[in-house]
Amino acid sequence: MSTGTTQPSLIPVYTTKGDAEAFLVYPYLYNRNGDWVGFVSPKREVYSVIGYYVGTITNDPRIIRKRATSTLMQRLQPPPKPKKISLPATIPLAPLMGDLSPSFIDVLLDEPERLHTTDSGEYREDLD
């Protein structure tokens, strides 16, 4: 029997080591606690909760970015804050991950602070 409500699909986002460190319910990105930490654009670009560019989501899926870039990505207006989600008790094993080129880094592994919650992070708005 169908209740008529559909659960949005939850996609684990892995590190190169194979750990699920984030979860995508398009366009929202959540951490392991179910807190909102970012969002994904239609072009697969990943942004923090305050709209700063973080990287790109790959088909693996994992979040990568170039080590150095001469172009500065425009800050985007984040979507409305979603509710916290409940994560499943079990998570599928990661697919085999290919090695990253030395010019790329795994954001969730090497720079997880780029994906912070709305109440933390060095770029958050000051409360006055």
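Leu29 touches Val13, Ala22, Phe23, Leu24, Asp35, Trp36, Val37, Gly38, Phe39, Val46, Ile63 and Leu115, leaving aside residues up to four places away in sequence, where contact means heavy atoms within 4.5 Å. Leu29 is also one of the residues with the most contacts inside the largest nonpolar core. This is a predicted model, in which local features need pLDDT of at least 70 and side-chain atom pairs count only at pLDDT 80 or more, while totals for chains, interfaces and linings use all residues. Residues are numbered from 1 along each chain as its sequence is written, and side-chain values use heavy atoms, with hydrogens and water left out.

**Nonpolar cores**

- The largest nonpolar core has 13 residues, and those with the most contacts inside it are Val13, Leu29, Val46, Ile57, Ile63 and Leu115; such a core is a set of buried Ala, Val, Leu, Ile, Met, Phe, Trp, Tyr and Cys residues joined through side-chain atoms within 4.5 Å.
- Two or more residues of this core come from each of the elements β2, β4, β6 and α1 (107-110), where helices (H or I, at least four residues) and strands (E, at least two) are DSSP runs numbered from the N terminus.
- Apart from this core lies another, of nine residues, among them Phe39, Tyr47, Val49 and Ile50.

**The sheet**

- Eight strands form an open sheet in the order β1-β2-β3-β4-β5-β6-β7-β8, with antiparallel pairing; two strands pair if DSSP finds at least two bridges between them.
- Strands β1 (11-14) and β8 (104-106) stand at the edges with a single partner strand each, so one side of each is left without a neighbour in the sheet.
- Neighbouring strands of this sheet are turned by 35° against each other on average, direction ignored, the axes being lines fitted to C-alpha atoms, for helices over the stretch in contact, with angles that run from 0 to 180 degrees between N-to-C directions.
- Strand β6 (residues 53-57) and strand β7 (residues 63-66) run antiparallel and are joined by two bridges, and Thr56 stands opposite Ile64 in β7.

**Aromatic pairs**

- Three aromatic pairs are found in a search of the whole structure; rings of Phe, Tyr and Trp (its six-membered ring) pair if their centres lie within 6.5 Å, and planes under 30 degrees apart count as stacked, over 60 as edge-to-face and the rest as tilted.
- The rings of Phe39 and Tyr47 have centres 5.5 Å apart and planes at 20°, so this pair is stacked.
- The rings of Tyr47 and Tyr53 have centres 5.8 Å apart and planes at 75°, so this pair is edge-to-face.
- Phe39, Tyr47 and Tyr53 form one aromatic cluster, in which Phe39 is buried at a relative accessible area of 6%, Tyr47 is buried at 3% and Tyr53 is partly exposed at 21%; buried means under 20% relative accessible area, exposed over 50% and partly exposed in between (1.4 Å probe, protein chains only).

**Salt bridges**

- The count comes to three salt bridges, each defined as a side-chain nitrogen of Lys or Arg within 4 Å of a carboxyl oxygen of Asp or Glu.
- Lys84 forms a salt bridge with Asp35, with the closest N and O atoms 3.5 Å apart, and the pair links distant parts of the chain, since Lys84 lies in the loop between β7 and β8 and Asp35 in the loop between β3 and β4, 49 residues apart.
- In this pair, Lys84 is exposed, with a relative accessible area of 57%, whereas Asp35 is partly exposed, at 24%.
- The side chains of Arg62 and Asp60 meet in a salt bridge (2.5 Å, N to O); Arg62 is buried, with a relative accessible area of 4%, whereas Asp60 is partly exposed, at 23%.
- The side chains of Glu111 and Arg114 also meet in a salt bridge (2.4 Å, N to O), and Arg114 counts as partly exposed at 30% relative accessibility.

**Backbone features**

- A cis peptide bond with an omega of about 0° joins Tyr26 and Pro27, and Pro27 is found in the loop between β2 (20-25) and β3 (28-30).
- A cis peptide bond with an omega of about -10° joins Asp60 and Pro61, and Pro61 is found in the loop between β6 and β7.
- Arg44 has a positive phi of about 70° although this residue is not a glycine, and its place is in the loop between β4 (36-40) and β5 (45-48).
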